[in-house]
Amino acid sequence: MQRLLLSTPAALLRAAAGALALAAASQAALAQGVAYVSSEKDSALTVIDLGTLAVKGTIPTCKRARHIQLTPERQLMVACTDSNEADVIDPASGKSVRRIPLGDEPEAFDMSPDGKVIYVSNEDAGEASFIDAASGKKLRSVKVGAEPEGVKVSADGKTLYVTSEVASLVHVIDTASGKVIKNIRVGKRPRRMAITPDGKELWVTNELGASVSIVSTATHEVVGTVKFELKGARAEDITPVGIQMTRDGRRAFVGLGRANHVAFVDVGSRKVGSLVLVGKRAWNVTLDKAEARLYVVNGLSDDVTVVDVAGAKALKSIPVGRVPYGLVIVE
């Protein structure tokens, strides 16, 4: 006969202690890291401690800091539209190590997988520039549609995608030749892009279309659309811009701009799940390494909202610089 074993007080205490230790370890995992937030009005990056979710300082940078990302060498690179350059910052020291000319009115950029070439959208010129990262020399310029914005390089480095806000196009560029091989008509005013981890789909946010266009990277045709609706919000106020996917490619997170929410999207079914209220003009979105928290940059409330992914709820909004634009995490 099987006997029922009753837990002793000592066993219960050990179990409780183990649970507390596990919770502490989980919190410690979340606590490791720093977020850097660019600001269009302050010529500075705001530094957030991910453990305390508090601002720990600022780092001066060039004028109108916008798109920001990590280089393959794990340095910060921020494009400054009014300075026409990128500022490269060492996160360990918090100091600028070099400036790289990016041409007129740079807004967004991406880098080749080896970090040797910077691909830049030059908004006023209507061009995509190829910049040698080591020398700062412009290698070539590619004419694209008016007001280019989003820039995304394929994982193999062979294909560059650039959005044109005015033309409502995604330009497909062969990086070896610098030739535009296809112009893809997507939704109105396309902004940012994400490529699924398997490389098969390009997801494009359409700011004035309240949607995401899904493009096959094999055929360069639109194969699907995700439409966003929000109770109590007008369609014209749903203005998606920032997008990021999980590493397994199962879920995408989209900042809905003036709708002041972030959307959780199931990639496989292309269905919208949770909608989480954040700050004003939810702009760009960034996941931490554990994919446990989503950091949403709110351009009109001058703050960053931290969202618990599992619970689909906002945890805290952190005041940052004036008109924050982008965010990267170093863990």
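Strand 20 and strand 21 (residues 251–255) are joined in the antiparallel sense over three bridges, where strands are DSSP runs of E of at least two residues, numbered from the N terminus, and two strands pair if DSSP finds at least two bridges between them. Within this pairing, M245 stands opposite A252 in strand 21. This is a predicted model, in which local features need pLDDT of at least 70 and side-chain atom pairs count only at pLDDT 80 or more, while totals for chains, interfaces and linings use all residues. Residues are numbered from 1 along each chain as its sequence is written, and side-chain values use heavy atoms, with hydrogens and water left out.

The two strands belong to an open sheet of four strands in the order 20-21-22-23, with antiparallel pairing; its edge strands are strand 20 (243–245) and strand 23, each of which pairs on one side only. Another open sheet of four strands runs in the order 24-25-26-27, and its pairing is also antiparallel. Strand 24 and strand 27 (313–319) stand at the edges with a single partner strand each, so one side of each is left without a neighbour in the sheet.

| Sheet order | Average twist from one strand to the next |
|---|---|
| Strands 20-21-22-23 | 20° |
| Strands 24-25-26-27 | 25° |

Strand 24 pairs with strand 25 (residues 293–298) in the antiparallel sense over four bridges, and A282 has N298 in strand 25 as its bridge partner.

R281 lies in the loop between strand 23 (271–277) and strand 24 (282–287). Leaving aside neighbours within four places in sequence, R281 is in contact (heavy atoms within 4.5 Å) with several residues, among them N298, G257 and P324.

A search of the whole structure finds one disulfide (a pair of cysteine sulfur atoms within 2.5 Å). C62 and C80 form this bond with their sulfur atoms 2.1 Å apart, linking the loop between strand 3 (54–60) and strand 4 (65–70) to strand 5 (residues 76–80), 18 residues apart. The torsion about their S-S bond is about 70°, so the disulfide is right-handed. Both C62 and C80 are buried.

Terms used:
Axes fitted to C-alpha atoms, helices over the stretch in contact; angles between N-to-C directions. Buried < 20%, exposed > 50% of the residue type's maximum accessible area, 1.4 Å probe, protein only.
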